[in-house]
Every structure is written in structure tokens, then in C-alpha cells.
Amino acid sequence: MATVLAFDVYGTLIDTHGVVTELEARLGKSGKTELAAEFSRRWRDKQLEYSFRRGLMGAYLPFGQCTREALDFTDRAMQTQLSDVDKDHLMAVYARLPSFPEVATALERLAAAGFRCVAFSNGTYEAVNALLDQAGVLAHFEAVISVDEVKRFKPDPAVYAHLRNRLEVAPGDTWLISSNPFDVIGARHAGLHAAWVRRSLDAPFDPWGIEPDLTVADLIALADRLG
């Protein structure tokens, strides 16, 4: 059976900081344009924190709700006074973020090399399917698999088991590809192989004693290593 490559979506395939330009425009109305990059970073961090906390509490809500609540919090914390219209607009932008530039080419190469490529995300199926479609990369995936199907969030071991069960593939034949260290560690802990896409040279990896099988700078480098 062909090896499965399960690609995380937000931050791995899709550039979550693609929202910075829109943030600059919205924050510029209050003279706070220079806060856009920091706002984007804190929004993303809080989005993940909320998913972790909901997972631990057993109080699952769709990832989009975590994203909106994180937006509300970041606005309060940074005192940027965004209107509800601004927030609705930013959420709409988040639903049509761009893919990283090398994604389509890398996926073509990996598929040609015989790998089964799937998208595997904390986002709902509907949100991820639409996001990848508008980014022009949906056709490269055999399937879109969402944690929403089991109402858990990464890095809960149940979501990685769900991935394998859905695809009927053994742990040793399954790779998780992610730019998020928590996801890589979660996959390795669950018995999967994992590749860390280290998109920033400044990004540290968590010192937990669980290391990725591969570390690459982008998906072209992944195709070079695996293809």
C-alpha cells in the first residue's frame, strides 16, 4: 500500500499571516497600522490556545469559533477597537488565505512519486475544502480529513487514530507533515512518522525528547527528500 502524507493546513499549506495586509488596512483607521504583524501573530497563538483548552475541557466547538473568539480576545488585549464589521471582514479574509508559493509544485511531485496526499486539519471539512479550493490546491489531495469528525483537536491521539482509520493505513505507512511542532510531536507520540516544515529559521522545536523524522525548510525540500 502506498505511503500516506497527511498535510496540516493552517501554517503548513496555507499562509496564516496572509491576513496582515488586511489588518494593516483595518488598523490604519485608528492609526495603529504598525501593530498588524504582532496582531496576526497573537491572533494565531490565541486561536491554537483556545483549541487546546477546549480539547482539555471536553468542550469542543468548531475551529472557526476558536478563531473568532481569538480575534475578539486579541482586539481587546491590544486595544485596537475593531468594529464588528471589521471582524467579520477579517474572518472572511481568513477563509480565503493564500497557499505558500511552492505548495502546488511540491504536491505534484509527491503524487508523481506514488504518495497518497491528504489534507488533515483542525478546521471543519467545509472550511478546509473551500479554503484549499480557492487557493487552487484542492485537486492535489485524495481526501480532506477533519478533526471535526471526532470532535477533538490535535494533538489528541484520537485524531491521529481517526486519520489512519479513515484511510485504512498502518502507523508506519503514515506521515504527518506540519509546520507546527505540537502537531509533529503529537503524531510521533501516536506512532506516526512526521516531518517538520521549519518555515522560519528562527523557529525553535519543543525540547520534549521527541524529534521529527525529517526537518525541511519547505515542501519542495520535502519532495527532494522523499521523492
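A salt bridge here is a side-chain nitrogen of Lys or Arg within 4 Å of a carboxyl oxygen of Asp or Glu. Glu 149 and Arg 166 make one, with their side chains meeting at 2.7 Å, N to O. That pair links distant parts of the chain, 17 residues apart: Glu 149 sits in the loop between β3 (143–146) and α7 (157–167), and Arg 166 in helix α7. Helices (H or I, at least four residues) and strands (E, at least two) are DSSP runs, numbered from the N terminus.

This is a predicted model, where local features need pLDDT of at least 70, side-chain atom pairs count only at pLDDT 80 or more, and totals for chains, interfaces and linings use all residues. Residues are numbered from 1 along each chain as its sequence is written, and side-chain values use heavy atoms, leaving out hydrogens and water.

The structure holds 20 salt bridges. Here are three of them:

| Pair | N to O distance |
|---|---|
| Lys 46 and Glu 49 | 3.0 Å |
| Asp 72 and Arg 68 | 3.5 Å |
| Glu 149 and Arg 166 | 2.7 Å |

Lys 46 and Glu 49 are 3 residues apart in helix α2 (residues 36–57), about one turn of the helix. Asp 72 and Arg 68 are likewise separated by about one helical turn, because they lie 4 residues apart in helix α3 (residues 63–78).

How accessible are these residues? Buried means under 20% relative accessible area, exposed over 50%, and partly exposed in between (1.4 Å probe, protein chains only). Lys 46 counts as buried because its value is 13%, while Glu 49, at 30%, is partly exposed. Asp 72 is partly exposed at 23%. Glu 149 is partly exposed too, at 37%, and so is Arg 166, at 38%.

Finally, a network: salt bridges with shared partners join Arg 68, Asp 72, Asp 75, Lys 87 and Asp 88.
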